[in-house]
Amino acid sequence: MPALVLLGAQWGDEGKGKATDLLGGSVDYVVRYQGGNNAGHTVVVGDQKYALHLLPSGILSPGCTPVIGNGVVVDPSVLLSELSGLNERGVDTSKLLISGNAHIITPYNVTVDKVTERFLGKRKIGTTGRGIGPTYADKINRVGIRVQDLYDESILTQKVEAALDVKNQMLTKLYNRRAIAVEQVVEELLGYADKLAPYVADTVLVLNEALEQDKVVLFEGGQGTLLDIDHGTYPFVTSSNPTAGGACTGAGVGPTKISRVIGILKAYTTRVGAGPFPTELFDEDGEALRRIGGERGVTTGRDRRCGWFDAVIARYATRVNGLTDFFLTKLDVLTGWEQIPVCVAYEIDGRRVEELPYSQTDFHHAKPVYEMLPGWNEDISKAKSFSDLPKNAQAYVKTLEEMSGAPISAIGVGPGRTETIEINSFL
Ligand code: IMP
């Protein structure tokens, strides 16, 4: 019953696509359990590069069934265009399964996301503008539209009416925008029904049966631990639970079924959007990390904020997710620095703090306390085993492992599918 959860241990964009793809060949099901097309992974297969937003990256592995779980929010137009883009490149997407309980990102959710951000002005979250937060808000307010609603026109119309009732008041009276017509939304949504129908399934049943039959199921988190609505840097977070518990609620699988929780950890740190980031760099080192690491959002095209590795965050991720392993990515990006600073603790109002403070005020005041580790100049992209790495790169990895509280079981040394060192097998 191998059920693995793979999630970002920092603020997302740690390189999960590569890790999922590495496992893809031996995995029977790859499941997304939260988020929507705010995510973005780049997966390199041979000389082909794929940018995926909503689809689980297992879609690129022929033997694997990709699943969009109930906890995901689905923009049907984005999903269909992602599918047809892959089909045009010869990728077979017919195995995809979508939960009938997944919520739909409607056009009005996207509008509300954009106008709310504009209204917040300098207090904005810096969302991806894809309607994620408003769709989850509708879900919690019990006025959401689910995939299954596309197959009952009368129910769909009633639900869209209920959802637009208050929103149109808000759009017209508060935001000075035009009201959105119920019929127009219903017509658009009904237009997706037949196209999505072949994929819609009772994914909870499918996944639990698969686990009973000892199939390998991989749960793939979008975003990252620090963007979790409960455990992240609230309010500068996404509106779902990328942390390990989210895999259970977002896919309908009990916690006793999960066998391994793997945190993807970048060898330095990045984030997009607003919010605190203690190790952020505003100098040429930050610029160099951005340039060498190609740190530009797959979804939004925004430059990512860059900084040194933060062990306080890694330790926190180990704790809130119950991590059993780390996959350290992008170690090659650090080649060429004489010394590499690693944040080991924070200084907050004159105090040394070793753990992530629960108080937002404290975290905003946190200054990184750095330890300097010696760098390396050798090209590491051809390294196949840990011992192939230069001594200082080995020491960097070992130090991160000791500080982070879980074994580093794989290391990414380049963007390609094979540019990975496997230390312990994940299966
Ligand atoms: P939302 O998920 O669009 O509501 O955006 C909320 C916050 O999460 C913003 O700071 C986004 O930049 C950030 N965010 C959302 N998705 C990702 C992702 O896949 N990687 C990194 N940051 C993300």
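K330 sits in the loop that links β15 to β16 (339–348), where helices (H or I, at least four residues) and strands (E, at least two) are DSSP runs numbered from the N terminus. Although K330 is not a glycine, its phi is positive, at about 60°. With a relative accessible area of 23%, K330 is partly exposed; on this scale buried means under 20% relative accessible area, exposed over 50%, and partly exposed in between (1.4 Å probe, protein chains only). For context, most residues other than glycine have a negative phi, and most peptide bonds are trans.

The model is a predicted one, so local features need pLDDT of at least 70 and side-chain atom pairs count only at pLDDT 80 or more, while totals for chains, interfaces and linings use all residues. Residues are numbered from 1 along each chain as its sequence is written, and side-chain values use heavy atoms, with hydrogens and water left out.

N176 shows another positive phi in a residue other than glycine, this time near 60°. N176 lies in the loop between α5 (153–174) and α6, and at 70% relative accessibility it counts as exposed. On the backbone side there is also a cis peptide bond, which joins Y234 and P235 with omega at about 5°. P235 belongs to the loop running between β10 (217–220) and α8 (244–251).

Now to the sheet. Ten strands make up an open sheet with mixed pairing, in the order β9-β7-β5-β2-β10-β1-β11-β15-β19-β20; two strands are taken to pair if DSSP finds at least two bridges between them. Its edge strands are β9 and β20 (420–422), each of which pairs on one side only. At the β9 end, strand β7 (residues 97–99) pairs with β9 in the parallel sense over two bridges, and S99 stands opposite A201 in β9.

Further along the order comes strand β11 (residues 260–266). Six of its seven residues are buried, so β11 is largely enclosed by the rest of the structure. On one side, β11 pairs with strand β1 (residues 3–8) in the parallel sense over five bridges, and here R260 of β11 is the bridge partner of L4. β11 also pairs with strand β15 (residues 325–329), again in the parallel sense and over five bridges; in that pairing, G263 faces F326 of β15. As a general point, side chains in a regular strand alternate between the two faces of the sheet.

β15 carries the sheet on to β19, with three bridges in the parallel sense and F327 standing opposite A410 in β19. Strand β19 (residues 408–412) is mostly covered, as five of its five residues are buried.

An α-helix has 3.6 residues a turn, so residues three or four places apart point the same way. Just after α12, G405 takes a positive phi of about 90°.

Helix α2 (residues 76–88) packs against α6 at an angle of about 40°, and their axes are 10 Å apart. That makes α2 oblique to α6. Axes here are lines fitted to C-alpha atoms, for helices over the stretch in contact, and angles run from 0 to 180 degrees between N-to-C directions. Angles under 35 degrees count as roughly parallel, over 145 as roughly antiparallel, 65 to 115 as roughly perpendicular and the rest as oblique. The α2 and α6 crossing is left-handed, meaning that the near helix is turned anticlockwise from the far one by less than a right angle, with clockwise giving right-handed. In this packing P76, S77, L79 and L80 of α2 meet Y192, K195 and L196 of α6 (contact means heavy atoms within 4.5 Å).

The loop between α6 (182–196) and β9 (200–201) holds A197, which counts as partly exposed at 36% relative accessibility. A197 and H41 are 156 residues apart along the chain, and their C-alpha atoms are separated by 26 Å.
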